[in-house]
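I opened my notebook to write down, entry by entry, what I looked up in this structure.

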Amino acid sequence: MIETPRLLLRRFRPDDAPVLGAYRSDPDIARYQVWPSPLTPAEAAETVRGYAEAQPEDPGWFQYAIELQADGRLIGDLGVNLHENRLQADIGFTLAPAQHGHGYATEAVQAVIGHLVAQGLHRFAAYCDARNTASIRVLERTGFRLEGHAVEAVLIRGEWTDTYTFGLLARHWKDSAPSPALLA
Ligand SMILES: CC(C)(COP(=O)(O)OP(=O)(O)OC[C@H]1O[C@@H](n2cnc3c(N)ncnc32)[C@H](O)[C@@H]1OP(=O)(O)O)[C@@H](O)C(=O)NCCC(=O)NCCS
């Protein structure tokens, strides 16, 4: 659905369930996330089924599967929560642990924001645990700005955690998006 130099962002398929189940069940990957973890194979299949049925143009969450073009492997997912007004969206992203440190999340976020800006969206937001430095770096690298710090605002796996709110206006994205050279 969306191609980047190294990635294909596509709809989820039933055969993605084992890979998604594996990385979502990794305690390090789930540490700052509100989604359930670990996932049983049946729960992973149900999650993927729900993702596959959603429509990206409808308000609500649409989850892109992130596939590596080189070998067709599923390496993560990127969610877009389109608001009812279809002019704003929230995003969230996850990569399988073996795929960290290559710029794939940055490349996926940049492509999705570019796609949504071209569709006329006005503003984007992302929410992350204040300790989630890897996520903060991806957001800052793609032009998001820190807008808020909510103290002990979210209960994640029994722990009250601080949440950072990041925002990005479409008109600022063009100026601050990383250069293609960074992603080459
Ligand atoms: C958040 C998450 C996706 C970030 O993964 P990541 O691998 O650090 O992010 P990227 O794929 O964009 O890679 C960026 C890193 O690769 C490096 N890199 C290597 N080659 C690169 C390239 N060609 N282009 C860009 N960056 C590259 C960058 O320097 C950067 O490293 P740094 O952060 O140490 O400076 C990952 O930590 C994750 O899945 N966490 C669990 C889920 C989660 O918490 N999600 C956030 C929800 S808000």
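How many positive and negative side chains does the chain have, and how far apart do the centres of the two sets lie? I found 17 positive and 23 negative side chains in the chain, with the centres of the two sets 4 Å apart. In this count Lys and Arg are positive and Asp and Glu negative, while His and the chain ends are not counted; each charge is placed at NZ of Lys, CZ of Arg, CG of Asp or CD of Glu.

Ground rules. I noted that this is a predicted model, in which local features need pLDDT of at least 70 and side-chain atom pairs count only at pLDDT 80 or more, whereas totals for chains, interfaces and linings use all residues. Residues are numbered from 1 along each chain as its sequence is written, and side-chain values use heavy atoms, with hydrogens and water left out.

The chain overall. I looked up the secondary structure and found 7 helices and 8 strands; these are DSSP runs, helices (H or I) of at least four residues and strands (E) of at least two, numbered from the N terminus. The radius of gyration is 16 Å, close to the 16 Å that the globule rule gives for 184 residues, so the chain is as compact as a globular protein of that length. That radius is taken over C-alpha atoms, and the rule is 2.2 Å times the number of residues to the power 0.38. Of the 184 residues, 46% are buried, where buried means under 20% relative accessible area, exposed over 50% and partly exposed in between, using a 1.4 Å probe and protein chains only.

The sheet. I traced an open sheet of 8 strands in the order β1-β2-β3-β4-β5-β6-β8-β7, with mixed pairing; two strands pair if DSSP finds at least two bridges between them. At the edges stand β1 (2-3) and β7 (145-156), each with a single partner strand, so one side of each is left without a neighbour in the sheet. I then followed β7 to β8 (residues 159-169), to which 8 bridges join it in an antiparallel run, and saw that A150 stands opposite T163 in β8.

Helix α1 and T94. In α1 (residues 17-24) I listed A17, L20, G21, Y23 and R24 as buried, and the cover over the buried residues of this helix includes α2 (27-30), α3 (41-53), β3, β4 and β5. Next I turned to T94 in strand β5 (residues 88-95), which is buried with a relative accessible area of 8%. Leaving aside neighbours within four places in sequence, T94 is in contact (heavy atoms within 4.5 Å) with Y23, I29, W35, I66, I75, G76 and D77.

Loops. Which residues are joined by a cis peptide bond? I found S37 and P38, with omega about 0°, and P38 lies in the loop between α2 and α3. R86, in the loop between β4 and β5, has a positive phi of about 60° although it is not a glycine, and at 43% relative accessibility R86 counts as partly exposed. R157, in the loop between β7 and β8, has a positive phi of about 50° and is not a glycine either; at 44% relative accessibility R157 counts as partly exposed. Last, I checked D71 in the loop between β3 (60-68) and β4 (74-82): D71 and P5 are 66 residues apart in sequence and 13 Å apart in space, C-alpha to C-alpha.
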